[in-house]
Amino acid sequence: MPKVVLYGYLSIDGIVAPGVRSDAVAGGAALYGALGARMAGAEAAIVACRGEDYPAAWIAALAGIGIDVAWIRPAAGPTRRARIRHASDGDRSSSHYGEALWWERTAALRPPVVGPAADIAVLCPMPPVHAAAILAGLDCPAVADTSEAFAAAGPADWPAGGLELLPRLRLFAPSREETALLLPDVADDAAVVALASRGCDIVQKRGSAGLAYCRAGDTRVVAVAPPRATVLDPTGAGDATVGALAARIAAGDTLDAACRVAVRVGAAAVAGIGPSALGLATPPFPSPATTH
């Protein structure tokens, strides 16, 4: 069984979607990515920092289903809080990207640069400079993701993009929205080909339309349609997809076969609130009355 190590963030998510409102759900790309890797048949380890208010019971729940949590380090101060709103037409807004506190906690909770030995590493969305520091110490192939926060220009001292990292990656997996920020005014397929010309395989996440991929240096874009899915909450589906991609690549699958597994994992993820459809059951976030 391949081992996937995921470097990234844990978060406490507030989620609003049609028929859904949850104020405090276990989240973070590293968590969803680990669950996606597990669903795709790999062992998974999370390398992250957790704030003082991140419930220990959530960490225990991850450990209880076999996720390696030994590399999650405690950190002073609060956890990053994400506020995610999904519209009925598929649009998503993340209001926390505009908050100074979110950026401050992003800096304070950067994942450690050293993790366990693994067959493949996933660099979840993070500042590109920090991703480069982790890459420098890896002795295994790496898959990377990004987010709209890091693909676009954030605060002045946070460089955007990260395209200079692509020649050092096995695979880069942005969404179509993130791709549009990295390569403005370029159509989806043309952008996928342009990214693949930089030296690594590209998988573009296309939401309900599934995935599209292009091998490094190729010009052929292949679309992979998802299975039918009942959508309750799309939060984390893209992160789970990336974790599954890494798992199948580490297992020796072709890129096409890896995408076909990953698109099924992403479709499974949307059927529950938060990470519940990926096999993680967490207790409710403790109320103030229960924390004393």
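Q: What should I know about the model before we start?
A: This is a predicted model, in which local features need pLDDT of at least 70, side-chain atom pairs count only at pLDDT 80 or more, and totals for chains, interfaces and linings use all residues. Residues are numbered from 1 along each chain as its sequence is written, and side-chain values use heavy atoms, with hydrogens and water left out.

Q: How many residues does α8 have, and how far does it reach?
A: Helix α8 has 14 residues and reaches 20 Å from its first C-alpha to its last, close to the 20 Å expected at 1.5 Å a residue. The expected span is 1.5 Å times one less than the number of residues. Helices here are DSSP runs of H or I with at least four residues, strands are runs of E with at least two, and both are numbered from the N terminus.

Q: How does α8 pack with α9?
A: Helix α8 (residues 237-250) and helix α9 (residues 255-269) pack at about 150°, with their axes 8 Å apart. The axes are lines fitted to C-alpha atoms, for helices over the stretch in contact, and angles run from 0 to 180 degrees between N-to-C directions. That angle makes α8 roughly antiparallel to α9. The cut-offs are under 35 degrees for roughly parallel, over 145 for roughly antiparallel, 65 to 115 for roughly perpendicular, and oblique for the rest.

Q: Which residues meet there?
A: From α8, the contact includes Ala237, Leu245 and Ile249, and from α9 it includes Val261, Val265 and Ala269. Contact means heavy atoms within 4.5 Å. By class, the contact of α8 with α9 has 11 nonpolar, 2 polar and 1 charged residues. Ala, Val, Leu, Ile, Met, Phe, Trp, Tyr, Cys and Pro count as nonpolar, Asp, Glu, Lys and Arg as charged, and the others, Gly among them, as polar.

Q: And what about α1 and α8?
A: The axes of α1 (residues 29-39) and α8 come within 6 Å and cross at roughly 45°. The two helices are therefore oblique to each other. On the α1 side, Ala29, Tyr32, Gly33, Gly36 and Ala37 make the contact, and on the α8 side Asp239, Ala240, Gly243, Ala244 and Ala247. These residues divide into 6 nonpolar, 3 polar and 1 charged.

Q: Changing topic, where does Asp185 lie?
A: Asp185 lies in the loop between α6 (176-182) and α7 (188-196). It has a positive phi of about 65° although it is not a glycine. Most residues other than glycine have a negative phi. At 85% relative accessibility, Asp185 counts as exposed.

Q: Is Thr146 buried or exposed?
A: Thr146 counts as buried, at 7% relative accessibility. It is found in the loop between β9 (142-144) and α5 (148-151). Leaving aside neighbours within four places in sequence, Thr146 is in contact with Pro125, Ala151, Phe172, Pro174 and Glu178.

Q: Which residues does Ile202 touch?
A: Not counting residues up to four places away in sequence, Ile202 touches several residues, including Phe172, Pro174 and Tyr213. Ile202 is in strand β11 (residues 201-205), and at 0% relative accessibility it counts as buried.

Definitions and conventions
Buried < 20%, exposed > 50% of the residue type's maximum accessible area, 1.4 Å probe, protein only.
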